[in-house]
Amino acid sequence: MKLLKFSTAGSVDDGKSTLIGRLLYDTGSLTEDQLEAVEAASKRKGFDYLDLSLLTDGLSAEREQGITIDVAHIYFATANRKFIIADTPGHVEYTRNMVTGASNSRLSIILIDARKGVIEQTQRHFFIANLLQIPEIVVAINKMDLVDYQQAKFNAIKEAFLQFTQGFPNFKQNITFIPISSLKGDNVVNESENMPWYKGKSLLHYLENVDVNSYVNKKDARFPVQYVIRPHSEEFHDYRGYAGQVISGAFSVGEEVTVLPSQQKSKVKQVVTFDGDLEIAETNSCVTLLLEDEVDITRGNMLVKTANQPQIDKEITADICWMDTQLLVQGGKYLIEHSHNLIKAMVREVDYIVHTSTLKKDTETKTIKLNDIARVKIKTAQPLFFDAYEQNQANGSFILINEQTKNTVAAGIIV
Amino acid sequence: MSSNHLKELEEESIYIMREVAAQFERPALLFSGGKDSITLVHLARKAFYPAKFPFPLVHIDTGHNFPETLTFRDQLVGKIGAQLIVRYVQDSINQKKATEETGKYASRNSLQTVTLLDTIEEFKFDACIGGARRDEEKARAKERIFSVRDEFGSWEPKRQRPELWGHLNGMINYGENVRCFPISNWTELDVWNYIKQEKLNLPSIYFTHQREVLIRDGQIFPYSEFLNMDGEEISTQDVRFRTVGDMTCTAAVSSTAGTLDDIISEIKSSRISERGARMDDKRSEAAMEKRKLAGYF
Ligand SMILES: Nc1nc2c(ncn2[C@@H]2O[C@H](COP(=O)(O)OP(=O)(O)OP(=O)(O)O)[C@@H](O)[C@H]2O)c(=O)[nH]1
Ligand SMILES: [Mg+2]
């Protein structure tokens, strides 16, 4: 059974949480006690229908305000696929939670209210999905029941959306458009009888069949050391195992590796797991590597193939999403967390802030505020071993941390 | 169900375990003796093999345990050579830090929080690994993998840190601590399928057995000396437990499932959620959220 992680996006009240509730409801994924709870809560609120958004809006404050504030993770499975959904908030104030949900997704469903069409928040969310290079995008045009299920409405919105995407020259995602009603269920799980003009499949059909292996970097072998295992026991005297996840490529027993930053060379002696040794450590596997030679290796060092090394530099250019209410000023000092290295860093230069609707670049403003997306140059106290995000998501992404508050203040993508 | 997605979930959990060990000075694994914490222990063994996992197991003992769980706990600890710390809710009550609930629904479940916070303080734990899953309950669905708690253990949902890609930020200020949830993304069925795949042992109460029970609010309750009776009749039935907590708030399900395969097919066709058997969640729509704000797991 394959796993698909996807997230929702779109403006506040476009129906994201209702859609997820509908998916659960119409696939029979809800249990009786969950259903009873939603029925009772809907009745208390005086609704004459089931408010399916109550299934995912798990915080009291969310239910009071009728909006989503933070990501909810929802799980369900059909006969041939298991889904992990991040239901994210549409409100601009909580954009950082939307980015949280989107960063781990292979697919994003962007909802649009058929009455409102493409609005600023739709554009912002598409911009972010594009920045994070989420390979599959579904544009779900929702609330079709409120526009008499008119094909013309659907076409006009589709047109406007495609028009907007023209502004993204290096845009590579697949986009699929589906007219739906989350409230009534049209084209969510069951194909709609109200829109005979729509010849495509339902959203669920699409989710069950979309290719989920579309992007794994099998070429560039990278092993950031996460933890050094030293059993200190009689049986495993002098044992030094390097535990971590192969974030891209693979490592085989006997292959030469180079350790960064020391540039020392050695060979893979053993690939250890609890379930027995392996001949090869494949992409994404969590293993422990033993080397032929005694080399000094700590957390944050990286094992790579001698002939295929990442960039090694104390300066990076990156796009960042700013997530803190405190402003970022040019020259500001932070900690950067990248591939298990936590290093002092300075935002040396703010190149520009991009307006996510007009795509205009503001090169004048040098302070970055909450939810801004900016191109910056960052200088680090020690070198990073990195790849461009486009080639290697795991080794091309980072976060910035405020040293005083300890909060995560930015998501970063190395260009 | 092929092990394809279980492998992916396992890798994610091992990754998180290793992050905890690397980022914190004094982590601990909260061990209840239930299936989720047994799964956690197994994942911890895998993550640090061939070394022992570098943290103790901590059991917050309500004093209202199923005896089978305690026997199992001690056997497991002996077998894998882990360090076990037990702290008792009864001690918190004796010290007047916690007050025993009264009435028919009296339970020590929420009193655990008091003892837990004292234990964190006593050992200066900076991270507590827990077996909470996001599929269990709607407030839990909102949890991060690294959940930062203030010195009162409170969860502040509005201030949660963004959690981006695999970057887990475990930095905290003095006095704060982090709850870490390696099996956040597992479902109940994933846990059972994994237990089967890995051939893990479980306390016998997860499988069908005959037990003295009583019916209360339509639920089957295990009869015990800890339960405040309300004139209910006691009978003997074939039951098993789907989740294991304090004896006073965990209901049984009527079942003849005697093997893991039986249990898996029972859960697949069940129309009631796992937490449907926990009276502590039925107290109100926001029961879990309230307990988390007060420092619960
Ligand atoms: N008529 C109609 N109403 C809908 C539809 N989908 C959602 N709604 C209503 O729109 C309102 C907002 O729905 P939500 O699901 O909470 O919206 P959301 O996108 O999750 O909002 P945030 O998470 O706060 O951004 C609710 O009153 C829904 O009942 C639909 O297809 N048709
Ligand atoms: Mg919502």
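**Contacts within and between chains**

Tutor: In this predicted model, the side chains of B:Arg211 and B:Glu68 form a salt bridge, with an N to O distance of 3.4 Å.

Student: Into which domains is chain B divided?

Tutor: Domain 1 of chain B covers 4-192 + 285-293, and domain 2 covers 205-279. Their C-alpha centres are 24 Å apart.

Student: How many residues are in contact between domain 1 and domain 2 of chain B?

Tutor: There are 24 residues of domain 1 in contact with 29 residues of domain 2. The area buried between these two domains of chain B is about 2400 Å², and carbon and sulfur atoms give 57% of that area.

Student: Which elements give two or more residues to the domain 1 side?

Tutor: In chain B these are helix H2 (35-48), helix H3 (67-80) and helix H6 (188-197). H6(B) gives the most, with three residues. By class, the domain 1 side has six nonpolar, nine polar and nine charged residues.

Student: Changing topic: how many residues of chain B are in contact with chain A?

Tutor: In chain B, 59 residues are in contact with 80 residues of chain A. The two chains bury about 5700 Å² between them, of which carbon and sulfur atoms give 55%. Within chain B, the residues that lose the most area to chain A are B:Arg18, B:Lys142 and B:Trp165, together 15% of what that side buries.

Student: What about salt bridges between chain B and chain A?

Tutor: The rule finds six across that interface. One of them joins B:Arg144 to A:Asp70, with the closest N and O atoms 3.1 Å apart.

Student: Which helices of chain B give two or more residues to the side that touches chain A?

Tutor: They are helix H1 (4-23) and H2 of chain B. H1(B) provides the largest share of that side, 13 residues.

Student: And how do the residues on that side of chain B divide by class?

Tutor: The side of chain B that touches chain A has 23 nonpolar, 16 polar and 20 charged residues.

Conventions. Residues are numbered from 1 along each chain as its sequence is written. Chains are lettered from A and ligands numbered from 1 in the order in which they are written. This is a predicted model: local features need pLDDT of at least 70, side-chain atom pairs count only at pLDDT 80 or more; totals for chains, interfaces and linings use all residues. Side-chain values use heavy atoms; hydrogens and water are left out. Domain bounds come from an automatic or database domain assignment. Contact means heavy atoms within 4.5 Å. Buried area is the accessible area (1.4 Å probe) that two parts lose on being put together, summed over both. A salt bridge is a side-chain nitrogen of Lys or Arg within 4 Å of a carboxyl oxygen of Asp or Glu. Helices (H or I, at least four residues) and strands (E, at least two) are DSSP runs, numbered from the N terminus. Ala, Val, Leu, Ile, Met, Phe, Trp, Tyr, Cys and Pro count as nonpolar, Asp, Glu, Lys and Arg as charged, and the others, Gly among them, as polar.
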